[in-house]
Structure formats: structure tokens, C-alpha cells
Amino acid sequence: MNIEDYRAKFATLESVSFTEGLGFPLVHIRTRFCEVLISLLGGQVLSYQPTSQAHDLLFRSRQAHFEIGKGIKGGIPVCWPWFGEHPEGHGMHGFARSCVWQINRLIEDDCGVVEIELGLPQPDAVNDQWVQTADLTLSIRCGKWLSLGLRTLNTSDQPLVLSQALHTYFAISDISSVHIEGLESQSYLDKVQQFKRCDPSRQPIAVQQEVDRIYEGTAPLIKLVDPQWQRQIEITAQNSASTVVWNPWIEKARLMADFADDEYHSMICIETANAASDARLLAPGTEHQLAVTYRVTAL
Ligand code: TA6
């Protein structure tokens, strides 16, 4: 469907509009609770700002690329059907983040909460790196809170090994003044040290250098505390026992064409994942849903 088809199909929803921003369909949602921007390229939430808040929850690079085959640096990229490097060199974080998704369903409930379900066109039809068949949908619930559910159904007759993440880029006042609570007791694999397994820090995480870690066995509730913006974001995960924390810091930021040199100050990724030993095995005909809710509260 093209943008005119979506406009016609969802014409009765006053809180939803469509534009062709940056060459791809964008869905704008504006309700009494929040404003949300979703790109069909990547099936990616780019912006979520509750009406009660002065700042967006999500960061997006001013140098982000909007091209089929490339990920958009910011918002909530979907890493699927693998997280990180592919063992046979098929590129980072799978291909779902760089394909154009379709809208399966879009409704506004009686309370004014908008729910949209996106679907990835048959993966085997969009990418020759993928020989398996699976259905992938992303449900996004836009209200006072933002909830996402990424559901994979193995439609093949072979078991499916799935690793994935909702690679969320949070906007922050400054990297020097935020910290993360809820990961103090977890060991982690440190990508900066060739995935060395490191002991728990026993204290909240404050970032003062490049951080690229897969925390293992993580608890469902993690908090991103930002005293300067007087807010904290509660991240509540379901069906995830691994969490990735990433800030590229100075040198890595300079190496990325789609990320400005100074932007490491204003973002941190906290990614709800099924990564490393938390990868899942889906028997034929079975499904798995990775889910997360983001809730902002005042400090
Ligand atoms: O999730 C963390 C990470 O895997 C980092 O290692 C870093 O490279 C980042 O994702 C961004 O990856 P990208 O392919 O979007 O540049």
C-alpha cells in the first residue's frame, strides 16, 4: 500500500496523519496523551513525547540516514532476526531495521490510546540472507506510556534460532549527569574488551567512557535517571533476560557517518534484548514476543 491508500483506509482516525517525510511513509500520532512519529522504513518509532513532558523520550541523530538497506540512527530500531554481527558476515543487527514495513492494523480505543501493528513483508521475499520463513509483527501502543511488542512466529518446518533487540536510543540532558539503575547485580559481556565476562558493578551505571555491554540475566525493571531534566524513565521488559547498554563516546562517534561527533553527550541506548546466551530457539509453529514499556515519571 502507498501513502494515499493508508490515508484513505484510516481517514476516520483524527489523531493519525501520514506524510512522505524523508522519502518514506511516516505515521504521525497526536492524542491528548502524547505525540508519536513512526517510520515505515525500519518499522521504527522515531519520536515519543508525552504531553506532560518537555522533552522527547527518544534521541535521533541529525546525521541519520534514511535509505533502504541502512538503519536509521535513533528512535527504536528493530534488530532482527539476529542481534550484533552475523556469524557468516551478513551485517550487523539483521535486516528488519532497513526494510519498509506495512501497517496491518491501526485503531484508537475509547480512552484515546492509539494502537498500531506493523508487519514485515515476508522476510524470505525481502532478503536473500534469510532462508527461513517467519512472521514478524511489531505492536506499538501509544498512550501515557509507550509499549512495544515484537512477535515472531516460526512458520517454517525448521527450528529458528532468534536473537533480537529493541535498540532504543534515549534522549538525555547530558551523559555526564544521568545514571542507570537496575543492572547493579548483573554480570556483563564487555564488547569493548572482546566480550570479556565482567563482574557486576554493584553500583548504578554512570558512563565516563565508551560503554558497549550485554548484561545477562537482567531483571524486568530498569531505570534511566536524569536529574537535570527532572525525570526518570522506567523500562519494563517482558520475555527478555538480556539488556544492552551502549554509548559510543568520543572516538567511535567520530567514526560514524550517521552520527554527529558531539551527539554522544545527548543519548544512551538501553536495549531490551534476547542476545548472547538469551537467544531463543523457536520450534516450528511456535512464537515468541519480546515486549517493553517505557514510562516517564518526574523526579
Ligand atoms: O547495541 C550496541 C551495538 O551493537 C554497538 O556495538 C554499536 O555498534 C551499535 O550497536 C550501533 O550499531 P549500528 O550498526 O547501528 O551502527
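Okay, cysteines to start: the disulfide count here is 0, taking a disulfide as a pair of cysteine sulfur atoms within 2.5 Å. Take C34, which is in no disulfide; its nearest cysteine sulfur belongs to C142 and sits 5.4 Å away. C269 is in no disulfide either, and there the nearest cysteine sulfur, from C79, is 9.0 Å off.

Before I go on, this is a predicted model, so to speak plainly about the rules: local features need pLDDT of at least 70, side-chain atom pairs count only at pLDDT 80 or more, and totals for chains, interfaces and linings use all residues. Numbering runs from 1 along each chain as its sequence is written, and side-chain values use heavy atoms, with hydrogens and water left out.

Are those two cysteines, C34 and C269, buried or exposed? C34 is buried, at a relative accessible area of 0%, and C269 is buried at 0% as well. Buried is under 20% relative accessible area, exposed is over 50%, and partly exposed is in between, with a 1.4 Å probe and protein chains only.

Now the backbone. Most residues other than glycine have a negative phi, and most peptide bonds are trans. W80 and P81, though, are joined by a cis peptide bond, with omega about 5 degrees. P81 lies in the loop between β5 (78–79) and β6 (102–108); strands are DSSP runs of E, at least two residues, numbered from the N terminus.

Then there's positive phi. R202 has phi near 60 degrees, in the loop from β15 (196–198) to β16 (211–216), and R202 is exposed at 62%. Q230 has phi of about 50 degrees; its loop runs between β17 (221–226) and β18 (231–238), and Q230 is exposed at 55%.

Key: Helices (H or I, at least four residues) and strands (E, at least two) are DSSP runs, numbered from the N terminus.
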